[in-house]
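This report walks through one model, feature by feature. Keep the sequence and the structure in view while reading.

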Amino acid sequence: MKGIKVLATGRYAPDNLVTNEDFTKIVDTSDEWITTRTGMKIRHISDGEPTWMMASKAAKHALDNAGISAEEIDMLLVTTVTGDFYSPSVASMVQREIGAFHAFGMDLNAACSGFVYGMDTAYRYLLTGAAKKVLLISAETLSKITDYTDRSTCVLFGDGAAAAVLALGDGIYSSYLAMDAHDAHVLYARTHDNLNPFSTKGTQHPDGFTGAKDHFLYMDGRAVYKFAVKAMPEAVERAVEQAGLSLSDIDYIIPHQANIRIVQTAAKTLGLPMEKFLINVAEYGNTSSASVPLCLDEYNERGTFHPGDKIVVVGFGAGLTYAAAVFEW
């Protein structure tokens, strides 16, 4: 069986930087409190850039790095929870912006696991021959669903986008995708209510999702932490096992950048040194599905990866979803 090959990566993050000190001006918090609990120092926050624009800029960066034209892309796959329209998709907007008019495309919503779900989806299309080259983009504008009066959550999130050009290649590939909706209510954001003129009842069907204000993101931090420190090691172990490898064979793990404490706890559970985990949470905060590819591109740009390196990407988030994939550089 063929593996997946990352031909190139690219990223885009807004120039508007928001530091921990900036948050002390709008909520009761401190740099020390945020840093010690999350590992975050800076976030890139949209200053008007929509999700489709950031996605397009990241896509162009990846294509330039790959040395190929947009017309060579067969499939555009965008992962996001913060699209700019109900319709068209972000993928459609990206096609328009970069000129990938030979590609079909769609959006995928698996929250913070989105990039891993997207990689696995791309792999299936590549494996069947339906696509030869897939442009996978993860783009998020979390600032538009963040409640900036909630000091426990507003300090966590940032905006940005990153992309990878994918094809089949020699090497390994294995994945483990999972979802457990029993606790989906601990992390969510609503769409608008149905206010059509023919309805007299409004929204009267209880769904168990309480606590959110309007369309803003709600998170029960303690419950999410409890889920994440269990789900992340499980996904990594299952994906590595299915690849026929052991954890000692893995060169790098790129986790969802939600909280440095979650990564540290997962590393301890897996019995792996933190040196194997690639981290950039201090410079970006939590960017949902964009966090894994932002980190992938940053370390790729540094020249960290070498042919034959075995890499795990792992995400966990709303849904509750969790997933990991193993591939060879």
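Which residues form one aromatic cluster? The members are Tyr252, Phe305, Phe327 and Trp329.

## Basis

This is a predicted model, in which local features need pLDDT of at least 70, side-chain atom pairs count only at pLDDT 80 or more, and totals for chains, interfaces and linings use all residues. Residues are numbered from 1 along each chain as its sequence is written, and side-chain values use heavy atoms, with hydrogens and water left out.

## Aromatic contacts

Rings of Phe, Tyr and Trp (its six-membered ring) pair if their centres lie within 6.5 Å; planes under 30 degrees apart count as stacked, over 60 as edge-to-face and the rest as tilted. By this rule there are ten aromatic pairs. In one of them, the ring centres of Phe305 and Trp329 are 4.8 Å apart and the planes meet at 45 degrees, so the pair is tilted. This pair links distant parts of the chain, 24 residues apart. Phe305 is in the loop between helix H9 (291-301) and strand E12 (310-317), while Trp329 is in the segment after strand E13 (321-328). Helices (H or I, at least four residues) and strands (E, at least two) are DSSP runs, numbered from the N terminus.

Both burial values can be given. Buried means under 20% relative accessible area, exposed over 50%, partly exposed in between (1.4 Å probe, protein chains only). Phe305 is buried at 7% relative accessibility, and Trp329 is buried at 15%.

## Charges over rings

A charge sits over a ring if NZ of Lys or CZ of Arg is within 6 Å of the ring centre and within 35 degrees of the ring normal. Arg96 places its charged end over the ring of Trp52, 5.4 Å from the centre. Arg151 lies over the face of Trp33, at 5.9 Å from the ring centre.

Two strands pair if DSSP finds at least two bridges between them. Strand E7 (residues 159-169) pairs with E1 in the antiparallel sense, over nine bridges. Gly169 in E7 is the bridge partner of Gly3, and Ala161 in E7 stands opposite Tyr12. Strand E6 (residues 134-141) also runs antiparallel to E7, joined by eight bridges. Here Thr141 stands opposite Asp159.

How many residues of E7 are buried? Ten of the eleven are, so E7 is largely enclosed by the rest of the structure. Strand E1 (residues 3-12) has seven of its ten residues buried, so E1 too is largely enclosed.

Helix H6 (residues 221-242) has 22 residues. The expected span of a helix is 1.5 Å times one less than its number of residues. Buried residues in H6 include Phe227, Ala231, Met232 and Pro233. Just after H6, Gly244 takes a positive phi of about 75 degrees.

H6 also supplies the largest share of the lining of the second largest pocket, six residues. A pocket, on a 1 Å grid over the protein atoms alone, is an open set of points where a 1.4 Å probe fits, with protein on both sides within 12 Å along at least five of seven lines; lining residues have an atom within 4 Å of a point. The volume of this second largest pocket is about 230 Å³. Among its lining residues are Asp180, Asp183, Lys226, Lys230, Glu234, Leu320 and Tyr322.

## Backbone exceptions

Most residues other than glycine have a negative phi, and most peptide bonds are trans. Leu320 lies in the loop between E12 and E13, and a cis peptide bond joins Gly319 to Leu320, with omega about -10 degrees. The bond from Ser87 to Pro88 is also cis, with omega near 10 degrees. Pro88 is in the loop between E4 and helix H4 (90-98).

Ala111 is not a glycine, yet has a positive phi of about 55 degrees. Ala111 sits in the loop between strand E5 (104-108) and H5, and is buried at 7% relative accessibility. Ser288 has a positive phi of about 50 degrees. Its loop runs between helix H8 (281-284) and H9, and Ser288 is buried at 3%.

Technical notes. Grid points are joined across faces, edges and corners, and a volume is the space filled by probe spheres set on the points.
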